[in-house]
Structure formats: structure tokens, C-alpha cells
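Please look at the structure first.

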Amino acid sequence: MVNQPPINDDRFTDAERQNDAGATFVLQSKGEWWHAGFHLTTAIVGPTILTLPYAFRGLGWGLGFFCLTIMAVVTFYSYFLMSKVLDHCEKAGRRHIRFRELAADVLGSGWMFYFVIFIQTAINTGVGIGAILLAGQCLEIIYTSLNPNGSMKLYEFIAIVTGVMIVLSQLPSFHSLRHVNLGSLILSLGYTFLVVAACIIAGRSKEAPTREYTLESSPKARVFSAFTSISILAAIFGNGILPEIQATLAAPASGKMVKGLIMCYGVIFVSFYAIGGSGYWVFGNKATSNILQSLMPDKGPSLAPTWILGLAVIFVLLQLLAIALVYSQVAYEIMEKQSADVKKGMFSKRNLIPRLILRTLYMIMCGFFAAMLPFFGDISAVVGAIGFIPLDFILPMLLYNITHNPPKSSLTYSTNLIIIVVFSGVGLMGAFSSIRKLILDAQQFKLFSNDVVD
């Protein structure tokens, strides 16, 4: 490891961390391994999996399942290595509770600290915006099914969701979300089974759409679509906050995170393949960025029983609230670190008022951009390419090679280097193709549009 003097005041000893309000209040270390499993599952297995058939649309059957499997294997391996790096630092007397301080300590460069802050901020804000947008869309689906001639618009439902999130955002710490995230895990399995059942029913009904699995006719368009789809898969598998999740574990944290990962990937195996395969089987290259919208077309009857779709929408809506809370924790920790006084109580007037104001403003900002820029599929692709690929597919391998220093002739070192090189290229191509699609789609909508652009 590179030995350099501290480059910022975020690299604390345990004694100094006691004076850090962000660590003391938001990233409390009280959890067990199953709590980490709940947090991880909420961070990864969310309604973004409803975009899997849309991702398959740009890849086809064979390449779609191949890329899905590669992403699963690489991300599990990546998170396993990240956990090992955190365990290694903890055993050396430096327990890191933030991704940015871990990267800066191991890599020994000031710019890396700010790079991770920038990327995490992009991820957290992008996921927050996407979660609020999709939750608003879910409310709109429920509303229009009950009142087909209603006059309410998408931005009004987004405002309602934002109001709910403002209230929930006052839960003070990451650890305080453990019961919420257990409920989130159950909800994710619930709507997985409901959506798969709805797809099977839709595929066997008389109203089933004509199935076509052909890709784009132009080779150039096929390449761009493929890399956009890969970026979406990266966003679906990514979390970018594993160190902060591991920070919630009671010391010693060593070994506990791996158990949480196994729990999380058990849920991933059940849900990702089932929804991706069943949704693409029914809709093929007509799949939209939200499979529920495909099952409930604007014209004509629903393709599955209304009660199944309605219950799935409710489950998705409730889980989206938990996801927005989880991905807000890094922003809240930064706010708390700068605004709170650790010498005062967590719920003292001195700390409660700034927390209320800052978290409310953050949620209002996310809600505003969700209403103004309704690009759920495109947002997922951009966040995956720019945010999740660097943090989840590149940095963990680099950090492991530096901290554990495996021989350059070893399989571990070579595997890590190959993953770094391959996903650096994928990230660059994915960023270009997803931003390109976002720009093209920008021509299809007006500000505060009532339609979510695929």
C-alpha cells in the first residue's frame, strides 16, 4: 500500500471518528450480517429489474443471458474482493466506513477521494431521481386504472411521492432502515413472482403481442443498442455503496459481509433470470423500460388479470421508497458531517433542524428533476456507465491488487487486470452510447411531460 500522510480530514482514526457526526449518526455500526444482506438486496434487487426485458431487446436471447450471467459473476466477485479489502484494512487498524476514504487511503492520491465523491453523488442522485420517477409512474398506473378519465398528470404523482419521501427521509441512520429493508426484500420477491405469472398469462392469451426477437437492422445501431443494454445491466447489478453498507456492521465486521452477499445473490438468481426471460419472451423487441407498462398498454385491455398487475404495482411502489432511502444515505452522511454537532444528541434541536431542512431540500431537488426529465431507461443506462462501472467493476479489483499484492503471475492478478481493462472499455462505450440515446430521446418530450420516455 502507498504510505503517504493524510490528504484530507476524512481519513480518521477511531478516536477522531467519534467526533464525526456523519459516522456517529448516519453510519452507526450496530448491525448483524443479515442486516447487511437486507441493505444489499434493497440496493441491488429493485424495480430496475423491470427494465431487464428492455435490456434484452438490445442483446437478444443468447447474448442477453450471457451478459446477465457475466455481470452476476463479476459483480459478486467484485463485491467479495471489496469486502476482503475492507477486512484487510480493519485488521490493520484502519476500519473504513466510506468508499471515498478507502480509495484515497489505498491509492494514496487526493484526486481519487474527490473522484469517488463525484461518482457516488451521480449514482445516489440518479437512483433517487429514477426511484421517485418510477414511483410516480406506479401511482399514475393505479390512478388511471381506477379513474380512466382522470385529469391528474405524472408530475403531480411525482410531487406526492416526493412528499412521502420527505417524511421518510427523517429516519436518522442507515441502521434504522434494517426493518424497512427486510420488507423491501420480501416485496422484491413478491412482485417478481407476480410479474412472471403475469407474463406467462399474457404470453398464452389471445391478446398476446406478435413476438419478434430481431435486433436493429443497422450494424452501427446494433452496437450502440448493445452497449446501452450492457450499461443498463451494470446499473441493475451495481450499488456503489458497499463500504457504507459494511460500515453498519458491528465490529469486528470481518467475514460478515460475505454472508450478506450470499443472501443477496440468492434473491438475484431467483428474480433477475425470471423477469428478464419471461418479459422478453412475451414482448421481444417491443419491450419497454418498464415491463408493467407493457403488460398494461394504453390502448386495449390489460394482458393479465388486473388484480395481479395492481398488486405488483403496489409492491413496486412500496419498495421504491426503501430504495430511495438507501441511496440517499451517502448524501445524508455528507450533510450530517458538515452540519451536525456530534457533541449534541442526534435528536437535539441543534441537529434536528438542519437535518430536516437539508434532507427536505435534497428530496425536493430529486423530485423536481424526476418530473422535469422523465427518462427512466436512459437514466439507468447513464448511471450504469458513468457511475456503477467505475465503482463496482474497476476500483475493487485495483484496490485488491494493491492491498493484497498477489503475484503478477497469479490467476487472481491476471483476472483482476482483465476485468479492469474490459470494463474500462465497456464503460467508455456504454457512456457514449447511453448519452447518445438520451440526447436522441430528448427530442421526443417536453419539460414535465406526462409520458416516460423509453
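Is N405 buried or exposed? N405 has 60% relative accessibility, so it counts as exposed. The cut-off for exposed is over 50%. The model is a predicted one.

N405 sits in a loop, between α16 (376-404) and α17 (411-441). Its backbone stands out: N405 is not a glycine, yet its phi is positive, about 45°.

Now the other asparagine. N124 is part of helix α7, which spans residues 110-146. Its relative accessibility is 3%, so N124 counts as buried. The cut-off for buried is under 20%.

| Residue | Relative accessibility | Class |
|---|---|---|
| N124 | 3% | buried |
| N405 | 60% | exposed |

What does N124 touch, leaving aside residues up to four places away in sequence? Its contacts are I241, Y327, V330, A331 and Y362.

Helix α15 (residues 349-372) packs against α7 at an angle of about 65°. The two axes are 8 Å apart. The crossing of α7 past α15 is right-handed. On the α7 side, the contact is made by N124, T125, G128, I129, I132 and L133. On the α15 side, Y362, M363, M365, C366, G367, F369 and A370 take part. By class, this contact of α7 with α15 has nine nonpolar residues, four polar ones and no charged ones.

Terms used
Residues numbered from 1 in each chain as written. Predicted model: local features only at pLDDT ≥ 70, side-chain atom pairs only at ≥ 80, totals over all residues. Heavy atoms only, no water. Helix = DSSP H or I, 4+ residues; strand = E, 2+ residues; numbered from the N terminus. Buried < 20%, exposed > 50% of the residue type's maximum accessible area, 1.4 Å probe, protein only. Contact = heavy atoms within 4.5 Å. Axes fitted to C-alpha atoms, helices over the stretch in contact; angles between N-to-C directions. Left-handed = near helix turned anticlockwise from the far one by under 90°. Nonpolar A, V, L, I, M, F, W, Y, C, P; charged D, E, K, R; others polar.
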